[in-house]
Amino acid sequence: MESVSIKRGRKISSHQTIKSRKRQDTIQLYLIILPVLIHIFIFHYIPMYGIVIAFQDYFPGNSFISFDGSVKWVGLKHFRKFITGPYFGRLFRNTFTLSFYLFLFGFWVPIVYALLINEVKDSFFKKFVQTASYLPYFISMVVVAGMVVSFINTDGILNSIIKVFGGTPKPFSTDPKYFAKIYTITNIWKSFGWNSILYLSTISGIDPSLYEAARIDGASRFKQALYITIPSIVPTIVILLIFAIGRLLSANTEFILLLYNPAIYERADVIGTYVYREGLMSGNFSSGTAIGLFTSLINFALLYAANAISRKYTEYALW
């Protein structure tokens, strides 16, 4: 009986030790993400109370919320003004078009790149190519815009190449029809390497025995990628696809502001640039906030719809 009690005591003690270690590991993991959570709370959640000025005629210096009558509440005035305004159609069309082009032509590039990099066996060349593809992401957008402007000028590299082959120089920087192409190509070049990191990390976690079994069965490298690698990264693809759909009304405003000019407003003017002019340059903070809130609500609706469809037809969803 004593030996049985001792064994039971040891089992209980061992179980408690395991639970204690798991608890410590959990606490350590939460401590690791604590700075990120604090950053998100301070810079993303606390400022959200400022959206109330979208329903006011706000002037700098006024309080956001007051019960002494100093705050002038106007309801949905600024939303109606934007939706019924003369620029709404152009802004909405340009924003959606640029985002959709980037989504259509840019979403699959990191996937294909990750699959190709995974097939490279020379470790030195593989690391070199990966590093080279990551570098554009860390280049300042101001520098990138300056490079693009110098390339597309009348006497830039592109027109110099066109002249060499006997062509006529084209006004890339002032002709609206070229802007969408320039915007899409530049953003893909800048971000495809960085966006491939998630896919590469997922691929690196695939069980090597699956590839060994496939090789024994005579599967070629293409079939290994088709039947092992791609199915393994489908969950990642679906999640990132949902996020991408939720950003269809979020064009790269910073890059557009650095690149565009009045000659290409027809195709380059987007909601973000209008908010910059209307909200910051003109001092209409209530109007700018209302437009930003309107865009965020549409993006959230797209995200929610994409997540619902994914949850219904696949096994993967954000919630």
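## Aromatic pairs and a helix crossing

Both Y113 and F192 are buried. In this predicted model, these two residues form an edge-to-face aromatic pair, with 5.1 Å from centre to centre and 90° between the planes. Y113 belongs to helix α4 and F192 to helix α8 (residues 179–195), so the pair links distant parts of the chain, 79 residues apart. Here is a friendly tour of what else is worth a look.

- F138 counts as exposed at 55% relative accessibility, while W194 is partly exposed at 33%.
- One aromatic cluster brings together F82, Y87, F88, F92, Y274 and F294.
- The count of aromatic pairs comes to 21.

**Charges over rings**
- K190 lies over the face of Y137, 5.5 Å from the ring centre.
- R277 lies over the face of Y265, 5.4 Å from the ring centre.

**Helix α4 against helix α11**
- The axes of α4 (residues 108–118) and α11 (residues 221–245) come within 12 Å and cross at roughly 145°, and the crossing is right-handed.
- From α4, I111, L115 and N118 meet T229, I230, I233 and I237 of α11.
- The residues of this contact divide into 5 nonpolar, 2 polar and no charged.

**A threonine in helix α15**
- T295 is found in helix α15 (residues 285–313) and is buried, with a relative accessible area of 9%.
- Leaving aside neighbours within four places in sequence, T295 is in contact with L249 and I271.

Note on methods
Residues are numbered from 1 along each chain as its sequence is written. This is a predicted model: local features need pLDDT of at least 70, side-chain atom pairs count only at pLDDT 80 or more; totals for chains, interfaces and linings use all residues. Side-chain values use heavy atoms; hydrogens and water are left out. Axes are lines fitted to C-alpha atoms, for helices over the stretch in contact, and angles run from 0 to 180 degrees between N-to-C directions. Helices (H or I, at least four residues) and strands (E, at least two) are DSSP runs, numbered from the N terminus. A crossing is left-handed if the near helix is turned anticlockwise from the far one by less than a right angle, and right-handed if clockwise. Contact means heavy atoms within 4.5 Å. Ala, Val, Leu, Ile, Met, Phe, Trp, Tyr, Cys and Pro count as nonpolar, Asp, Glu, Lys and Arg as charged, and the others, Gly among them, as polar. Buried means under 20% relative accessible area, exposed over 50%, partly exposed in between (1.4 Å probe, protein chains only). Rings of Phe, Tyr and Trp (its six-membered ring) pair if their centres lie within 6.5 Å; planes under 30 degrees apart count as stacked, over 60 as edge-to-face and the rest as tilted. A charge sits over a ring if NZ of Lys or CZ of Arg is within 6 Å of the ring centre and within 35 degrees of the ring normal.
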